[in-house]
Amino acid sequence: MAQGKLGLNTVCTHTGEVPDEQFQGAISPIYLSSSYAYEGVDVKRYPRYFNTPNQEGLSKKVAALEGCEAGMIFGSGMAAVSTTLMAFLQKGDHVVLQEALYGGTYNLVVEEFEKFGIEYSFTEGLSEAAFEAAVRENTKVVYVETPSNPLMKVTDLAMIGRLAKKHNLVSMIDNTFASPVNQTPKDFGIDIMIHSATKYMGGHSDICAGAVAASQEHIDRIWNLAKNFGGSLSDMTVWLLERSMKTMALRVKQQNANALAMAEWLDSREEVERVYYPGLASHPDHELAKSQMRGFSGMMSFELADGIGAEAFLEALQLIKPSMSLAGVESTMLLPSKTSHFLLGEEERARQGISEQLIRFSVGIEEVEDLQGDIVAALKQTAQVQPVN
Ligand code: PLP
C-alpha cells in the first residue's frame, strides 16, 4: 500500500497529528505563533519557513498519503505548482508539459517563463511518441496532469516514469483531480506530486491551499526556493485543512460511487450526447485508467444534445450549483466554454473538443436520486423554454 503500514482512513485521521501534551486533547492544538525562540532549539521555526508545528504535522499526512518521504503545504495550488516548477528549472532549461493543463498552470508557463529564460513545449496528444517528440537536449522536467480538465483524458503514468528515467528528467504530476485516494503516482515512478488542496483535500469549498509530496531530497530543493517565494499557508487554515483531510477518503469514495452512477445514468439519457468519465467502459482511456487509478474520481463532463440550451439548463438547476471551483461535498456544474477555457478562443476550444454544449460536473456526496431529480426537472424546464429538436 502506498500509504505505508497504516490503512488509508487511518492515515487521513491520524498521521501527522500534533500531540496535545499539555491537556491530552483528542485533536491537534493550533499553534498560531509567528515568532518562536531561536536559542537552544534544534529548529528555527517561522511560518514562511513552512515549519510551524501545524505545517509540519500536515506535511507528514500529505507525504504519507502519496507514499513519499516528505511533503509541504502551500498557500494555494498555484503557489505549489509555481514554486515546484521553478525549483527545478533555470535559465536555458527546457520543460515538457502535457497539452490541456489547468488554465492557471498554462498561464504561468506562457506568461512568465520567457522572462526567466526557461524554454517550454506542450505535447500534441498524450502518447509516448508525443512526449518523446517534445524532449530536447536541455529538457530537465516533464509535467503532467491526469485525469485532465474537463475531458478527463488519462496520461499513462508508467510511460511518463520510464521516459523521465530514460532522459534523466524530474517528473511532476498535478494529482488534484484524482486525489491520493484514487491515484498514487509514485507507484508508477513519478517523482513529485502536486495538489490544489483547495479541491479534494479541503473538500468543503472553504479553503484555498496547495500541497506537494516527494523524496526528502526533492522537498529540500523546493523548500530552498519556497522560503524565498513565501507562498506558505496560515496556521489557522493549515489546522482547518487537517480537519478536512480526516474525512477525505470517506468523501472521495462516496464521490467516486456517485459519479459512476451519474455517468451511467447520464449516458442513458437521450438529452445527453456524450459523457466523458474514465470509469465508463466507453471512455477511450478506460483500460489505462483502471491500470493506474483505484477509483475514477468525482469529476466528469457531458455534452447536452443540440437544441438544449446549456446556460438555460444550468440556470434551471435548484440543487446543483453553477460554480467555478470543484471537488466540494456539494455538486457543482460549469460551462468550460464560458469559464476555464473562455480565453482559449473558439477555434482552439473546437480543436480541443470543448463545445458550447459541454458541461463539467463535480459530483458531491448528495443522494444520487436527488441529483438525478434535479437534472430531470431542469431538463424539463429548459425544454419548455427551448424545445428539444
Ligand atoms: N490544478 C488544478 C487541476 C486545478 O483545478 C487548480 C484550480 O482550479 C489548480 C491546480 C490551482 O489551484 P488553486 O486555485 O488552489 O491555486
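1. A molecule is said here to sit in a pocket if more than half of its atoms lie within 2 Å of the grid points of that pocket. In this predicted model, the ligand sits in the largest pocket.

2. The residues around the ligand are S76, G77, M78, Y102, E145, D174, T176, S196, T198, K199 and A209, and this shell divides into 3 nonpolar, 5 polar and 3 charged residues.

3. A polar side-chain atom of D174 lies 2.6 Å from a nitrogen atom of the ligand, while an N or O atom in the side chain of K199 is 2.7 Å from a ligand oxygen atom. From the backbone, an N or O atom of M78 lies 2.8 Å from an oxygen atom of the ligand. Taken alone the ligand exposes 390 Å², of which the protein buries 89%.

4. The loop between β4 (139-145) and α6 (157-167) contains P147, and P150 is found in that loop as well. The peptide bond joining T146 and P147 is cis, with omega at about -5°, and the bond from N149 to P150 is likewise cis, with omega near 0°.

5. S179, in helix α7 (residues 179-182), has a phi near 70°, and S179 is buried, with a relative accessible area of 1%.

Terms used:
Residues are numbered from 1 along each chain as its sequence is written. This is a predicted model: local features need pLDDT of at least 70, side-chain atom pairs count only at pLDDT 80 or more; totals for chains, interfaces and linings use all residues. Side-chain values use heavy atoms; hydrogens and water are left out. A residue is near a molecule or strand if one of its heavy atoms lies within 4 Å of it. A polar contact is a pair of N or O atoms within 3.5 Å; within protein, one must be able to donate a hydrogen and the other to accept it, and residues adjacent in sequence count only if both atoms are side-chain atoms. Accessible areas come from the Shrake-Rupley method with a 1.4 Å probe; for residues, only the protein chains shown count as cover. On a 1 Å grid over the protein atoms alone, a cavity is a set of points where a 1.4 Å probe fits but cannot get out, and a pocket is an open set with protein on both sides within 12 Å along at least five of seven lines; lining residues have an atom within 4 Å of a point. Ala, Val, Leu, Ile, Met, Phe, Trp, Tyr, Cys and Pro count as nonpolar, Asp, Glu, Lys and Arg as charged, and the others, Gly among them, as polar. Helices (H or I, at least four residues) and strands (E, at least two) are DSSP runs, numbered from the N terminus. Buried means under 20% relative accessible area, exposed over 50%, partly exposed in between (1.4 Å probe, protein chains only).
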